Amino acid sequence: MSVVSAKLGIMTQNFEQIVIGGGAMGLATAWQLAQRGVKTLLLEQFEFGHDRGASHGAARNLNNAYLEDHYLDLYDLSLSLYRELEAASGAELLTVAGLVTIGPDSRITPIFTKLTERGAPVEWLEADEAARRWPGIRFEDRVLLSHQAGRIQSAQVLEALHEQAAAHGADLRAGTRVISIEELPAGGAAVTALSASGEELRFTANGVVSTVGAWTTKLVGDQIRLPQLTVTEEHPAHFQPTAECAQADWPSFNHLIAADPTTGTGDVYGMLTPGEGVKVGFHCTGAEVDPDARAFRGSDTNRDALRAHVSQFFPGLDADSAEEISCTYTTSAQGDFILDRRGAITIGAGFAGEGFKFVPAIGKTLADIALGTGTAAPAFQLPE
């Protein structure tokens with residue numbers, strides 16, 4: 001139903017839920033809402049599949065190397081929902097070919113213990129055995145192999161979520177930038193947006209879900225008391241295998257190393273990206289940025305450090321073949337995701353480059369929160 005707003009003199013369209021932000025988290029939330037029969041509108045300020053946020057790219061790690069039960073619970077739910085999405089879309093979204101975690105025993109043994117306690121299939125491999133399996137990686141000590149992990153075909157996930165949300169009746173609109181959210185005295189909220197042509201649009205709903213990533217503080221920071229959210233620009237790169245390792249197998253991997261702020265180095269992650277090379281990047285070491293004023297280029301120091309790391313620890317990759325990628329991380333002060341609601345506004349934020357493995361579970365959780373049918377684990381809730 002549409003009505004004319006006397007206040008603004010423009011047409012107002014009414015929905016049950018409005019999702020703002022059409023990356024992976026927003027599309028997953030719209031999918032979950034729409035398949036429950038909820039009249040859902042999703043608004044994305046750019047085009048779908050854009051490269052200005054954190055959801056673009058062809059592959060992500062499917063990584064369960066966590067110590068905390070609330071993340072591992074979310075991971076288990078996510079695996080189940082990814083399989084549901086595969087069945088619905090007919091697309092193969094996961095490659096569960098294993099993930100190797102490399103680093104000091106003091107950091108890896110607790111992960112092995114936790115995963116073993118939960119019944120996850122994991123094993124230790126000695127360095128020589130790991131080197132035989134994956135000759136492109138230098139192994140100095142024993143490593144942890146998780147069999148319930150691997151990689152995600154992330155670009156196909158976005159397509160599948162978009163397709164399934166639309167198939168269940170969600171109204172998905174790109175090129176529509178939200179400029180304000182107003183909670184209404186009688187309940188619910190009104191959203192004002194601008195179309196690509198500059199037309200002012202107004203929508204109302206019982207609730208609004210914000211999944212805008214790096215723009216979270218800009219959009220809702222004046223209305224909701226958020227923890228500090230730090231936005232950084234991260235620069236992993238794709239590297240080409242050497243001739244000797246052109247046909248070698250590549251696992252997904254974590255390389256846990258000490259952080260060094262002077263060089264911008266820290267823990268390393270990566271995975272094979274078919275057709276593009278092997279993706280390698282430092283985790284959460286980039287410079288703080290305004291998401292609307294980014295360089296889309298890593299510093300020379302960071303670039304040199306990544307090439308040096310690849311040269312030392314990944315002899316099966318050509319360290320000089322780097323094709324740099326740019327993405328944003330949004331990290332909360334407490335280091336955990338934010339999955340919570342205040343009034344009519346539900347927030348999904350703070351995924352810090354770790355969210356994609358959890359995408360369908362986060363979509364379900366945000367839909368539950370928005371509809372009042374569930375809550376997130378306490379670690380993911382906003383401070384009172």
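Which residues in α2 meet which residues in α5? In this predicted model, Tyr82, Leu85, Ala88 and Ser89 are the residues of α2 that meet α5, where the partners are Val157, Ala160, Leu161, Glu163 and Gln164. The contact of α2 with α5 consists of six nonpolar, two polar and one charged residues. The axes of the two helices lie 10 Å apart and the packing angle is about 70 degrees. Angles of 65 to 115 degrees count as roughly perpendicular, and α2 and α5 are therefore roughly perpendicular to each other. The crossing in which α2 passes α5 is left-handed.

Helix α5, residues 154–167, also packs with α1. Here the axes come within 8 Å and cross at roughly 30 degrees. Angles under 35 degrees count as roughly parallel, and α1 and α5 are therefore roughly parallel to each other. The crossing of α1 past α5 is left-handed. On the α1 side the contact is made by Ala24, Leu27, Ala28, Ala30, Trp31 and Ala34, and on the α5 side by Leu158, Leu161, His162, Gln164 and Ala165. Nine of the residues in the contact of α1 with α5 are nonpolar, two are polar and none is charged.

The crossing of α1 past α8 is right-handed. Helix α1 contributes Ala24, Met25, Ala28, Thr29, Trp31, Gln32 and Leu33 to the contact, while α8 contributes Val359, Pro360, Ile362, Gly363, Lys364, Leu366, Ala367 and Leu371. By class, 11 residues of the contact of α1 with α8 are nonpolar, three are polar and one is charged.

Strand β10 (residues 150–152) pairs with β6 in the antiparallel sense over two bridges. Opposite threonine 95 stands arginine 151 in β10.

The other open sheet also contains three strands, in the order β21-β16-β23, and its pairing is antiparallel. The edge strands, β21 (287–288) and β23 (327–332), each pair on one side only. Between β21 and strand β16 (residues 229–234) the antiparallel pairing runs over two bridges. Glutamate 288 in β21 stands opposite threonine 232.

The structure contains 14 aromatic pairs. One of the pairs is formed by tyrosine 66 and phenylalanine 358, with a centre-to-centre distance of 5.7 Å and 65 degrees between the planes. Planes over 60 degrees apart count as edge-to-face, and the pair is of that kind. Tyrosine 66 lies in the loop between β5 and α2 (69–89), whereas phenylalanine 358 lies in the loop between β25 (345–349) and α8. The pair thus links distant parts of the chain, 292 residues apart.

Conventions:
Residues are numbered from 1 along each chain as its sequence is written. This is a predicted model: local features need pLDDT of at least 70, side-chain atom pairs count only at pLDDT 80 or more; totals for chains, interfaces and linings use all residues. Side-chain values use heavy atoms; hydrogens and water are left out. A crossing is left-handed if the near helix is turned anticlockwise from the far one by less than a right angle, and right-handed if clockwise. Helices (H or I, at least four residues) and strands (E, at least two) are DSSP runs, numbered from the N terminus. Contact means heavy atoms within 4.5 Å. Ala, Val, Leu, Ile, Met, Phe, Trp, Tyr, Cys and Pro count as nonpolar, Asp, Glu, Lys and Arg as charged, and the others, Gly among them, as polar. Two strands pair if DSSP finds at least two bridges between them. Rings of Phe, Tyr and Trp (its six-membered ring) pair if their centres lie within 6.5 Å; planes under 30 degrees apart count as stacked, over 60 as edge-to-face and the rest as tilted. Axes are lines fitted to C-alpha atoms, for helices over the stretch in contact, and angles run from 0 to 180 degrees between N-to-C directions. Angles under 35 degrees count as roughly parallel, over 145 as roughly antiparallel, 65 to 115 as roughly perpendicular and the rest as oblique.
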